[in-house]
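Please read these notes with the model open beside you. They are set out as numbered points, one topic to each.

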Amino acid sequence: MSTFRVASIYAKSLLQQAVEEGALDNIHTDMLLLEQVCTDNTALLKTLQSPVVSHDKKLAILHRLLKGRVSSLLLSFLNMISQNRRTAIISDIMQSFLRQYNSYKGIRTASVTTTFQLSEDLISRFKALVKSIMPCKEVALTQHVDPTILGGYILHVEDKQLDECLATKLHALKQYCVTSGY
């Protein structure tokens, strides 16, 4: 079975358990914290993926890092992952859980790249644009600043991209001039 499929099954199990216990938003917050801890500490992720480190040690490390910071449901879930020798795919499980959570809550993820930091008004407009492209209840928008696009914006909504940046338009104009013989 593929890693993606296994991670998806574990994530779905956690999501269902959290819904049953009325702790979905708490588990989401816990998973975001776990994701941040793993992102900030690449050595931790490598340790969790290492076949040399015993599963008991991996679990002890996770408990030491997270006990008192996350819910008992997530700690129990981590125990189960460790017992089933699936700590190597913990990152995949986190990503799958966050995708499933967004789907369950009707949240679309999007990112926008501009040459400057967006104001609240522009963020609202981009969220409205995302909702018009792909209907949803809520939009989780991340923004990136990239001066090389020269102006305009590039909007990514899941697998769609709306490229309205000046650099792309100038490149297209240059290609047109070259192929037209100007």
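**Notes on the predicted model**

1. The sheet. Four strands form an open sheet in the order E2-E1-E3-E4, and their pairing is mixed. Strand E2 (138–145) and strand E4 (160–165) are the edge strands; each has a single partner strand, so one side of each has no neighbour in the sheet. From one strand to the next, the twist averages 15°. Please keep in mind that this is a predicted model.

2. The parallel pair. Strand E1 (residues 107–114) pairs with E2 in the parallel sense, over eight bridges.

3. The antiparallel pair. E3 and E4 run antiparallel and are joined by six bridges. Here histidine 156 stands opposite glutamine 161 in E4. The two strands form a hairpin with two residues between them.

4. The helix across the sheet. Which strands does helix H7 lie across? Helix H7 (residues 120–133) lies across E1, E2, strand E3 (152–157) and E4, and runs at about 125° to E2.

5. The largest nonpolar core. In soluble globular proteins, nonpolar side chains tend to be buried together. The largest nonpolar core of this model has 33 residues, and those touching the most other members are Leu14, Ile27, Met31, Leu34, Leu74, Leu78 and Phe97. Two or more residues each come from helix H1 (3–21), helix H2 (24–40), helix H3 (42–49), helix H4 (55–66), H5 and H6. H1 gives the most to this core, with seven residues. For a closer look, take methionine 31: leaving out residues up to four places away in sequence, methionine 31 touches Leu14, Leu74, Ile93, Met94, Phe97 and Leu98.

6. Threonine 87. Apart from neighbours within four places in sequence, threonine 87 is in contact with Leu48, His55, Lys58, Ile81 and Ser82.

7. Positive phi values. Most residues other than glycine have a negative phi. Arginine 85 is not a glycine, yet has a positive phi of about 60°. Arginine 85 is placed in the loop between H5 and H6, and counts as exposed because its relative accessibility is 56%, where exposed means over 50%. Glutamate 158 is not a glycine either, and has a positive phi of about 50°. Glutamate 158 lies in the loop between E3 and E4 and is partly exposed, with a relative accessible area of 43%.

8. Helix H8. How many residues has helix H8? Helix H8 (residues 166–180) has 15 residues, and reaches 21 Å from its first C-alpha to its last, close to the 21 Å expected at 1.5 Å a residue. Glycine 181 follows H8, and its phi is positive, near 85°.

Key:
Residues numbered from 1 in each chain as written. Predicted model: local features only at pLDDT ≥ 70, side-chain atom pairs only at ≥ 80, totals over all residues. Heavy atoms only, no water. Expected span 1.5 Å × (residues − 1). Contact = heavy atoms within 4.5 Å. Core = buried A, V, L, I, M, F, W, Y, C linked by side-chain atoms within 4.5 Å. Buried < 20%, exposed > 50% of the residue type's maximum accessible area, 1.4 Å probe, protein only. Pairing = 2+ DSSP bridges. Axes fitted to C-alpha atoms, helices over the stretch in contact; angles between N-to-C directions.
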